[in-house]
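Student: I have a new model on my screen and would like to learn how to read it. Could you walk me through its features one by one?

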Amino acid sequence: MQDARLEPSRAGSGVPHAWRERLRRRARRSARPAWLGTIRRTKPLSDEWGRDRGTPIDRYYIERFIGEHAHLVRGRVLEVMSSEYTYRFGEGVEVGDVLDIDADNAAATFVADLATADAVPSEAFDCFILTQTLQYVFDVPAALRHAHRVLRPGGTLLCTVPSVSRIGRKYLETEYWRFTASACSRLFGDAFPGGAVDVRARGNALVCVAFLMGMACEELRARELEPDDAYFPLVVTVRATKAPVGVPEGEAASRPQ
Ligand SMILES: C[S@@+](CC[C@H](N)C(=O)[O-])C[C@H]1O[C@@H](n2cnc3c(N)ncnc32)[C@H](O)[C@@H]1O
């Protein structure tokens, strides 16, 4: 595609074509004008992912994902920061543990960095809810090795990661990553050998823009939230099931969930 900014230096050698292209682009802008309205601003409408206006848009996908897998949130469950989703969605939860790197978190039953979480017992949990946390862990493969280690055979990791998001106010120095579905397939596939990994990219161009601008879920329609565009994901969801005991590597991947 020709770049209109190159036109002056190309004077005399492609000007008619460049002008035609410029007119075509102007016609496209007129035919489909972009009315930015209240989001024509350089600061978002909310400084809290839209929480002060309603439900943050990423939560639409995160909570649907956990809700769809409620039957897997059972037995002994580990969650990061709080056990909110454990008890809100869980079916038959026996114990709800909380992991956090933050020693000031009174809810934490394990204070550890997930990337070096040797203090968390092996094969202890039926489910690990790891939502919106891996972007803060520099060594993601190490974190996933621990996530896999702490699960019982047949246990499930329910993980979500941001593809698009602002950087949290407290996290300018420690928020490291955004994720694609392809990266997740490789990272989780490597960490769960012989297990079953299901990766989904959720969201579309509109919800990405709305989320960055701090709009809330309630300001969008279901028909705007629901369509997924693989090229414009907001959130990536991953269900990773640890291979059951005795299942040879590779076989568990084809088992129905
Ligand atoms: C934004 S919260 C997300 C968790 C929450 N369950 C949710 O869905 O919003 C991020 C949490 O991860 C914790 N955290 C950040 N880095 C961590 C690490 N390396 N290991 C364990 N927890 C970490 C933070 O202290 C914080 O409690």
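**Reading the fold, step by step**

Tutor: Gladly! Of the 257 residues in the chain, 35% are buried. Keep in mind that this is a predicted model.

Student: Thanks. How many helices and strands does the secondary structure of the chain come to?

Tutor: There are 7 helices and 7 strands. Along the sequence they follow the pattern α-α-β-α-β-β-β-α-β-α-β-α-α-β. As for contacts between residues at least 6 apart in sequence, 67% of them join residues at least 24 apart.

Student: In what order do the strands form the sheet?

Tutor: The general idea comes before the case: strands of a sheet pair through backbone hydrogen bonds, either parallel or antiparallel. Here, 7 strands make an open sheet, ordered β3-β2-β1-β4-β5-β7-β6, with mixed pairing. Its edge strands are β3 (110-111) and β6 (196-202), each of which pairs on one side only.

Student: How many residues of β4 are buried?

Tutor: 7 of its 7 residues are buried, so to speak a mostly covered strand. There is also a helix to look at here: α4 (residues 140-150) lies across β1 (75-80), β4 (125-131) and β5 (151-162). The angle between α4 and β4 is about 150 degrees.

Student: Which residues have the most contacts inside the largest nonpolar core?

Tutor: In soluble globular proteins, nonpolar side chains tend to be buried together. In this model the largest nonpolar core has 57 residues, and Ile57, Phe128, Ile129 and Phe188 have the most contacts inside it. Helix α2 (residues 57-68) supplies the largest share of this core, 6 residues.

Student: What is Ile57 in contact with, leaving aside neighbours within four places in sequence?

Tutor: Its contacts are Gly50, Val207, Ala210, Phe211, Met215, Ala216, Cys217, Leu220 and Leu234.

Student: Now the backbone angles. What is phi of Met81, and where is this residue placed?

Tutor: A positive phi in a residue other than glycine is what to look for, and Met81 has one near 80 degrees. Met81 sits in the loop between β1 and α3 (84-89). Gln132 is not a glycine either, and its phi is positive at about 50 degrees. Its place is the loop between β4 and α4.

Student: Last one: which residues come nearest to the ligand?

Tutor: Of the 14 residues around the ligand, Met81, Ile101, Leu114, Thr131 and Tyr136 come nearest. By class, the shell divides into 8 nonpolar, 3 polar and 3 charged residues.

How values were computed
Residues numbered from 1 in each chain as written. Predicted model: local features only at pLDDT ≥ 70, side-chain atom pairs only at ≥ 80, totals over all residues. Near = placed C-beta within 6 Å. Nonpolar A, V, L, I, M, F, W, Y, C, P; charged D, E, K, R; others polar. Core = buried A, V, L, I, M, F, W, Y, C linked by C-beta atoms within 7 Å. Buried ≥ 20, exposed ≤ 12 C-beta atoms within 10 Å, placed from the backbone. Helix = DSSP H or I, 4+ residues; strand = E, 2+ residues; numbered from the N terminus. Contact = placed C-beta atoms within 7 Å. Pairing = 2+ DSSP bridges. Axes fitted to C-alpha atoms, helices over the stretch in contact; angles between N-to-C directions.
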